[in-house]
Amino acid sequence: MKGFEPTRYLLENVMTGAQFPDQGWMLDDPGCTEPALVRAVYEHKQLEVGHDGLGLYKFSQWLPVGRTLKSSAPPVTYHSKGLGGYLGLKNLYITFSGWFPEKGAAMSTCSFKETEAYSVCGRMTAREERVLVVASAGNTARAFAKVCSENSIPLLLSVPLDNIDALWFEKPLNECVKLICPESGGDYFDAIHLSNLVLTSPGYVAEGGCKNIARRDGMGTTVLSAVTFLGMIPDFYFQAVGSGTGAIAAWEANLRFLADGRFGTTKMKLIVSQNAPFLPIYQAWKAGSRAMLPYGDDQARRDAEIIDAKVLSNRKPPYGIAGGLYDCLMASGGDVDSITNEELRRAAAIFEQTEGIDIHPAAATAAASLIARVEAGLVGKDKTVMLNITGGGEKRFKGDFCREQGKELYFLRPDRVFPLGVGSEVVLGQVDGLFY
């Protein structure tokens, strides 16, 4: 592939198999009354990777995008001799999304959420007049803010007030990016609720979360990076999950490589992990339940406050929906692990010692899961393993890089803060004034 071309694809209902054209910002099958994810079915069955100058868009044949945006960077995969040697794994491959110049990783937000943002915004047409609305626990907001700011795309973020320290940037943001927050004590679910109040107005459009094929397929570029680097599909895939969207995306990428036919017939085992005590996916999976188990609001907020990996605190993940995480775990023969703060801190220290770079708590949760399973003899030493490091290099970026470049970090502060029980009229009355 010499350069970028708008991608040709159809949408497919995961449950019924019905295919139909994408008539814009479609998140569901309009001909189906049962809830089910839709997937992109790409014209190119065999992936041809573009040149590195395209950034993330070198994978555009398997991204539902009609345009490219500036400043994107792809995930980078490398053979791990550090952590792999520590664990005795000959074939451990790390897919790193973040800031790791020695490996060529150049995501300045230090998170794989950039893969989502560049794909989702690349799916939007330049003619879109509505304001994009994104609810986030932190990293997703940082990524969308960067992409929308640099490409002049109007964006409204909804982030818990207690999480806004995650909204740091290397330069001031464009005025097209605005931030609203549920008051202190609110969590990610409260941020979602606040964003849903805004979306009752026709002037705003939901990013769509897991239902947005661009979000999932953007995240799936981690697997595209790994498989095209290895020349084969790995035996195991490790990632920490909040919503589980990244793991769903990984499984969908696996299916596309099976159809591609050049990378083997392996169905990689999805081993996903959560940070205890916030364990809604872990508890449902271990109970053998497709449905999520009851989880009280107050308890969920307390548990979210305890965990180090705040970005994993999603109370309403796409778990039981057709094509969701439950189905992907079942199809892959996968499993879910519970990781304590102590375990992830130990894993973060081991990773930094062996690989030479710091990682986010969510990524450390996945690394802790891998370490625990290897130590328990649940991962064969000869197996090919992909460890998805979903964020890292932040300490490096904020410290050495900023000092060397003489840069100062900038923080996005709320334009409006709302009480948890606020009504839609109050929210819309204040938010509209930010854009109109």
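**View 1. Helices α11 and α12 pack at an angle of about 90 degrees.** Helix α11 spans residues 341-355 and helix α12 residues 361-375, and their axes lie 8 Å apart. Because angles of 65 to 115 degrees count as roughly perpendicular, α11 is roughly perpendicular to α12. Axes are lines fitted to C-alpha atoms, for helices over the stretch in contact, and angles run from 0 to 180 degrees between N-to-C directions. Helices (H or I, at least four residues) and strands (E, at least two) are DSSP runs, numbered from the N terminus. The model is predicted: local features need pLDDT of at least 70, and side-chain atom pairs count only at pLDDT 80 or more. Residues are numbered from 1 along each chain as its sequence is written.

**View 2. The contact (heavy atoms within 4.5 Å) of α11 with α12 involves residues of both helices.** Helix α11 contributes Glu343, Leu344, Arg346, Ala347, Ala348 and Ile350. From α12 come Pro361, Ala364, Thr365, Ala367, Ala368, Ile371 and Glu375.

**View 3. Six strands form an open sheet with mixed pairing.** The strand order is β4-β5-β16-β13-β14-β15. Strands β4 (76-79) and β15 (335-339) are at the edges with a single partner strand each, so one side of each has no neighbour in the sheet. From one strand to the next, the twist averages 20 degrees. Two strands pair if DSSP finds at least two bridges between them; β4 and β5 (residues 91-96) pair in the antiparallel sense over four bridges. Phe96 in β5 is the bridge partner of Val76.

**View 4. Helix α11 packs on the sheet.** Helix α11 touches β4, β5, β14 (269-275), β15 and β16 (384-389), and its direction makes about 95 degrees with that of β15.

Notes: Side-chain values use heavy atoms; hydrogens and water are left out. Angles under 35 degrees count as roughly parallel, over 145 as roughly antiparallel, 65 to 115 as roughly perpendicular and the rest as oblique.
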